[in-house]
Amino acid sequence: MDLTLLAIESSCDETAAAVIKNGRILTNVIATQDIHRKYGGIVPELASRDHQKNIVPVVHEALSKANITKSMLNAVAFTKGPGLLGSLLVGVSFGKALAAGLGIPVIEVNHMQAHILSHFIGDPKPVFPFLCLTVSGGHTQIVLVKDFLDMEIIGETQDDAVGEAFDKTAKLLGLPYPGGPLIDKYAREGNIHAFKFPPVDTPGLDFSFSGIKTAFLYFLRDQTKGNAEFISKNLSDICASIQFTLIEILMKKLRKAAEQTGIKEIAIAGGVSANSGLRNTLEKEGSERGWKIFIPKFEYCTDNAAMIAMAAHYKYLAGEFATQEANPDPRMTF
Ligand code: KG4
Ligand code: ZN
């Protein structure tokens, strides 16, 4: 018998749906909300309204392009958390209602676990146990992945996420939201050693990004004093230097985690894994240190429903279903 699932992702500002059949992704549809751009960040109220507007057409498209009718579905999966409550509520309510109407089970998926399981969408696949540096707009974690549904966070940020640090530094430079991809773009032309920022010291495998954000604020304040054109004249060098600093903070702890665990299978996941500087650094260090590196395809780095579908596939096989009482959990951990 075929196993066909519909998966819905609505944790932040992407309304997404995917269909997976026997572990293979058939469709992966994403509606990105541009509405937040002009506000310099995500406005939760607007995000949930946009999900409400997009969810039906996005699900329809995912099903019809896959040539799958609703009656062929074995279960409906959705992101339970972490994320914005109003955004999650749309996916959870829609998913439960659809499943109730069809008389099929629901599957709840942890968004961060799904980012990690995006590595099982294509080839090559990592071998357990592996380490995953999960870097997004809301999270920065080093995860020890023991099995599809058995993961342990061994390091995480004590304050801001690295994606937030990218977005906030971009905002200070006058760049629109989300600033991460723009910093990446300008950094390609710049000198990573042009400007220096103070080192960050945090215990164990944990991270901190709030200090670097403040240091960057003071740096810009000092440099632009009497020199209004400082940013426009040095944009590439500034972006390259701050990006290099943020990547170094990540790499320092990743090296330490690899040494401590002796694990050489290293993956990255989450929106910031789209960063070309991080991808290149990882490739380079991987070959120097004998690590086997796993970097997701661009389309599976930022939020998408294919990763939710992949996680749902393994949960279905493990018999991990939820009830119709399922609720969003904005602060969900593993
Ligand atoms: O995983 P994701 O799509 O959403 C969350 O779950 O948060 O990650 C979004 C984050 C944003 O902070 C965005 O600026 C960052 O990923 N991002 C990047 C790049 N592409 C996306 N940061 C740096 N360089 C990029 N190329
Ligand atoms: Zn995400």
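User: Which atom of ligand 1 is 3.2 Å from Gly 163, and what part of Gly 163 is involved?

Analyst: In this predicted model, an oxygen atom of ligand 1 lies 3.2 Å from a polar backbone atom of Gly 163.

User: What about Asp 167 and Asp 303: side chain or backbone?

Analyst: For Asp 167, an N or O atom of the side chain is 2.6 Å from an oxygen atom of ligand 1. For Asp 303, a polar backbone atom is 3.0 Å from an oxygen atom of ligand 1.

User: How much of ligand 1 does the protein cover?

Analyst: On its own, ligand 1 has 550 Å² of accessible area, and the protein covers 90% of that. The elements contributing two or more residues to the shell are α3, α4 (162-172) and α5 (180-187).

User: How many residues surround ligand 1, and which are the closest?

Analyst: There are 19 residues around ligand 1, the closest being Gly 137, Asp 167, Asp 184, Gly 271 and Asn 275. By class, five residues of the shell are nonpolar, eleven are polar and three are charged.

User: Which domains supply the shell?

Analyst: Domain 1 (4-116 + 301-317) and domain 2 (124-296) each give at least three residues to the shell around ligand 1.

User: On to the metal. Which residues coordinate the zinc ion?

Analyst: The zinc ion (ligand 2) is coordinated by His 111 through NE2, His 115 through NE2 and Asp 303 through OD, at 2.0 to 2.1 Å. The spacing of these donors along the chain is H-x3-H-x187-D. His 111 in helix α3 (residues 111-117) and Asp 303 in the loop between β10 (292-294) and α9 (306-317) are 192 residues apart, so this pair links distant parts of the chain.

User: Are His 111 and Asp 303 buried or exposed?

Analyst: His 111 counts as buried because its relative accessibility is 5%. Asp 303 is also buried, with a relative accessible area of 13%.

Conventions:
Residues are numbered from 1 along each chain as its sequence is written. Chains are lettered from A and ligands numbered from 1 in the order in which they are written. This is a predicted model: local features need pLDDT of at least 70, side-chain atom pairs count only at pLDDT 80 or more; totals for chains, interfaces and linings use all residues. Side-chain values use heavy atoms; hydrogens and water are left out. Donors are N, O and S atoms within 2.8 Å of the metal (3.2 Å for Na, K and Ca); water is not among the atoms, so sites may look incomplete. Helices (H or I, at least four residues) and strands (E, at least two) are DSSP runs, numbered from the N terminus. Buried means under 20% relative accessible area, exposed over 50%, partly exposed in between (1.4 Å probe, protein chains only). A residue is near a molecule or strand if one of its heavy atoms lies within 4 Å of it. A polar contact is a pair of N or O atoms within 3.5 Å; within protein, one must be able to donate a hydrogen and the other to accept it, and residues adjacent in sequence count only if both atoms are side-chain atoms. Accessible areas come from the Shrake-Rupley method with a 1.4 Å probe; for residues, only the protein chains shown count as cover. Ala, Val, Leu, Ile, Met, Phe, Trp, Tyr, Cys and Pro count as nonpolar, Asp, Glu, Lys and Arg as charged, and the others, Gly among them, as polar. Domain bounds come from an automatic or database domain assignment.
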